[in-house]
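The following paragraphs go through a structure one region at a time. Please keep the sequence and the model open while reading.

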Amino acid sequence: VSFVGNRGTFIRGYKAMIMDVEFLYHVGYIVTSVLGLFVHELFYSILLFDLIYREETLFNVIKSVTRNGRSILLTALLALILVYLFSIVGFLFLKDDFILEVDRLPDSKAKGWAVPGVTVGHSLALLSSPEADPEQWERACDTLLMCIVTVLNHGLRNGGGVGDILRKPSKDESLFPARVVYDLLFFFIVIIIVLNLIFGVIIDTFADLRSEKQKKEEILKTTCFICGLERDKFDNKTVSFEEHIKYEHNMWNYLYFIVLVRVKNKTDYTGPESYVAQMIKNKNLDWFPRMRAMSLVSNEGEGEQNEIRNLQDKLNTTMKLVSHLTSQLNELKEQVWEMGNSLQEPSVL
């Protein structure tokens, strides 16, 4: 009751309560327990299915069948159509080959079981003798309905198809080639192709569910639940990814804040709390820091400042070099001017 109540089931109205899967599951659980207590102990065995509901791996096994249920049902319908066609062929041409071995009940009213003056033990001994062989067999394809039931029941359950339970014909019979083709077609089409199609759909669905589960676990391990930033964004940063999801964007702190906003009196709201309460009411998640974090912003700011300092240092160095070159150029000009004056004085004399 507390589990269902904590989900808010009892405050959402009768319609939402009836449509809630968790609520209906627990109601069925209680009803099954009451039936086991007052009606029959057999109902207690149904409660073992609760293990499937609680264990995700077992639940995925069930979902592998129900998720692509339409494909499985259509493939099963194809199998039924093929069984119907093979049953018609057997009814029309191979009716005498549908002779099955049976084990009759030890009842005097059962046909072929009662032998005058012989006990049941003697009857069992007689069944193994050649004289009692006809009593062990019966025709299974005298009607089309019986043919369909026989092919569906025995054909799908035998590894070699319907040919495993039919009469073994002699090679001298005229219908021997037809029997070979009939048995092989049923084996290849129904047993190998159609049934494996059904198994393949179930196995592929189970593999897809397992891949989706692994992908979700990988995303939860390598992506922040709040901001959506991946682990590699925090490489070579002052804050590691583990510290980020534990201190900066702890999802439980966000949950506690949402609960606080819901249970707190509206008149006591602060500015940020009023803003978040309105966003929650509108089912708007823009108040979440999507694809950004304070630690990365500070690191980016520090990086820009470092770049500016480096540029300023380079600029100062360049200015000093330019001033030094300018002074050297001036000295060189003075030397050239002095040498020119010294060359002009002898010519005047």
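The axes of helix 6 (residues 69-93) and helix 9 come within 9 Å and cross at roughly 170 degrees. Axes here are lines fitted to C-alpha atoms, for helices over the stretch in contact, and the angles run from 0 to 180 degrees between N-to-C directions. Angles under 35 degrees count as roughly parallel, over 145 as roughly antiparallel, 65 to 115 as roughly perpendicular and the rest as oblique. Helix 6 and helix 9 are therefore roughly antiparallel to each other. Helices (H or I, at least four residues) and strands (E, at least two) are DSSP runs, numbered from the N terminus.

The model is predicted: local features need pLDDT of at least 70, side-chain atom pairs count only at pLDDT 80 or more, and totals for chains, interfaces and linings use all residues. Residues are numbered from 1 along each chain as its sequence is written, and side-chain values use heavy atoms, with hydrogens and water left out.

Which residues bring helix 6 and helix 9 together? On the helix 6 side the list is Ser71, Ile72, Thr75, Ala76, Ala79, Leu82, Phe86, Ser87, Val89 and Gly90. They meet Tyr182, Leu185, Phe186, Ile189, Val190, Val194, Leu197, Ile198, Val201 and Ile202 in helix 9. Contact means heavy atoms within 4.5 Å.

Helix 9 (residues 176-222) also packs with helix 8 (residues 144-157), where the axes come within 11 Å and cross at roughly 70 degrees. That makes helix 8 roughly perpendicular to helix 9. Val151, Gly155 and Leu156 in helix 8 meet Tyr182, Phe186, Val190, Ile191 and Leu195 in helix 9.

Aspartate 97 lies in the loop between helix 6 and strand 1 (99-101) and arginine 179 in helix 9, so the pair ties together parts that are 82 residues apart in sequence. Are these two residues buried or exposed? Buried means under 20% relative accessible area, exposed over 50%, and partly exposed in between (1.4 Å probe, protein chains only). Aspartate 97 has 5% relative accessibility and counts as buried, and arginine 179, at 3%, counts as buried too.

Arginine 179 forms a salt bridge with aspartate 183 as well (3.0 Å, N to O). Both residues lie in helix 9, 4 residues apart, about one turn of the helix. Aspartate 183 counts as buried because its relative accessibility is 18%. A further salt bridge joins glutamate 173 and arginine 167 (3.0 Å, N to O). Glutamate 173 counts as partly exposed at 29% relative accessibility, and arginine 167 as partly exposed at 28%. Asp97, Arg167, Glu173, Arg179 and Asp183 are linked in a network of salt bridges.

Isoleucine 219 is also found in helix 9, and is partly exposed with a relative accessible area of 42%. The C-alpha atoms of isoleucine 219 and glutamate 230 are separated by 8.6 Å, while the residues are 11 apart along the chain.

On the surface, a nonpolar patch is formed by Leu220, Phe225, Met251, Trp252, Leu255, Tyr256, Val259, Leu260 and Val263, with about 940 Å² of accessible area together. Patches are made of residues with over 30% relative accessible area and no salt bridge: like charges are joined within 9 Å, nonpolar side chains (Val, Leu, Ile, Met, Phe, Trp, Tyr) within 5 Å. Accessible areas come from the Shrake-Rupley method with a 1.4 Å probe; for residues, only the protein chains shown count as cover. Helix 11 (residues 251-263) gives the largest share of the patch, 7 residues. Valine 259 is in helix 11 and is partly exposed, with a relative accessible area of 42%.

The loop between helix 12 (271-281) and helix 13 (294-348) holds lysine 283, which has a positive phi of about 55 degrees although it is not a glycine. Lysine 283 is exposed, with a relative accessible area of 77%. Methionine 291 is found in the loop between helix 12 and helix 13, and its phi is near 60 degrees, a positive value in a residue other than glycine. Methionine 291 is exposed, at a relative accessible area of 52%.

For the protein as a whole, the secondary structure comes to 13 helices and 2 strands. Buried residues make up 23% of the 349 residues.

Notes
Salt bridge = Lys/Arg side-chain N within 4 Å of Asp/Glu carboxyl O.
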